[in-house]
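These are my notes from one sitting with the model. I wrote down what I looked up, in order.

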Amino acid sequence: MNPFTERVLRIIKEIPAGYVMTYGQVAASAGNPRGARQVARILHSMSAKHELPWHRIINAQGGISFPEDAEAKGARQRDLLEVEGVQFTSNGKVDLAVYRWFPLDAEELS
């Protein structure tokens, strides 16, 4: 497993209940500010195997990012976040000023 993937897994596992991070934020914290899509692929392929709290990763606008044909998974993500105390605004977004989590510095994660 490459070092970026290992750092992404570690960062996602450390997000506490009731908080979220964005795909880009995880990528930047793991050392690749342009790696948001890589984070999405890691979540898709490794969430079950590594028991990742995948539902705590949202888009930069504070929304849930799933294709329209995956509406049920988006609803599941929202349900999981709400159970943890994350509230959504009337337009279906998470207020990142309230719920965004910031991990340790990238150097400390290495």
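I call a residue buried under 20% relative accessible area, exposed over 50%, and partly exposed in between, using a 1.4 Å probe and protein chains only. At 31% relative accessibility, Arg78 counts as partly exposed.

The model is predicted, so local features need pLDDT of at least 70 and side-chain atom pairs count only at pLDDT 80 or more, while totals for chains, interfaces and linings use all residues. Residues are numbered from 1 along each chain as its sequence is written, and side-chain values use heavy atoms, with hydrogens and water left out.

**Salt bridges**

I searched the whole structure for salt bridges (a side-chain nitrogen of Lys or Arg within 4 Å of a carboxyl oxygen of Asp or Glu) and got two. In one of them, Glu84 meets Arg56 at 2.6 Å, N to O. Glu84 lies in the loop between H4 and helix H5 (96-99) and Arg56 in the loop between H3 and E2, so this pair ties together parts 28 residues apart in sequence. I noted Arg56 as buried, at 11%, and Glu84 as partly exposed, at 23%.

Arg78 forms a salt bridge with Glu82, with the closest N and O atoms 3.0 Å apart. Both lie in helix H4, four residues apart, about one turn of the helix. For helices (H or I, at least four residues) and strands (E, at least two) I took DSSP runs, numbered from the N terminus.

**Around Arg78 and Gln77**

Arg78 also lies over the face of Phe88, 4.3 Å from the ring centre; the test is NZ of Lys or CZ of Arg within 6 Å of the centre and within 35 degrees of the ring normal. Next I checked Gln77, which is in helix H4 and buried at 1% relative accessibility. A polar atom of the Gln77 side chain lies 2.8 Å from the backbone oxygen of Ile57.

I then listed the contacts of Ile64 (heavy atoms within 4.5 Å). Leaving aside neighbours within four places in sequence, Ile64 touches Asn59, Gly74, Gln77, Arg78 and Phe88. Ile64 sits in the loop between strand E2 (57-58) and helix H4 (71-83).

**Nonpolar cores**

Which residues touch the most other members of the largest nonpolar core? A core here is a set of buried Ala, Val, Leu, Ile, Met, Phe, Trp, Tyr and Cys residues joined through side-chain atoms within 4.5 Å. I found Val8, Val26, Val39 and Ile57, out of 17 residues. Helix H1 (3-14), helix H2 (23-29) and helix H3 (36-46) each give two or more residues, and H1 gives the largest share, five.

Conventions
Polar contact = N/O pair within 3.5 Å; in protein donor to acceptor, adjacent residues only side chain to side chain.
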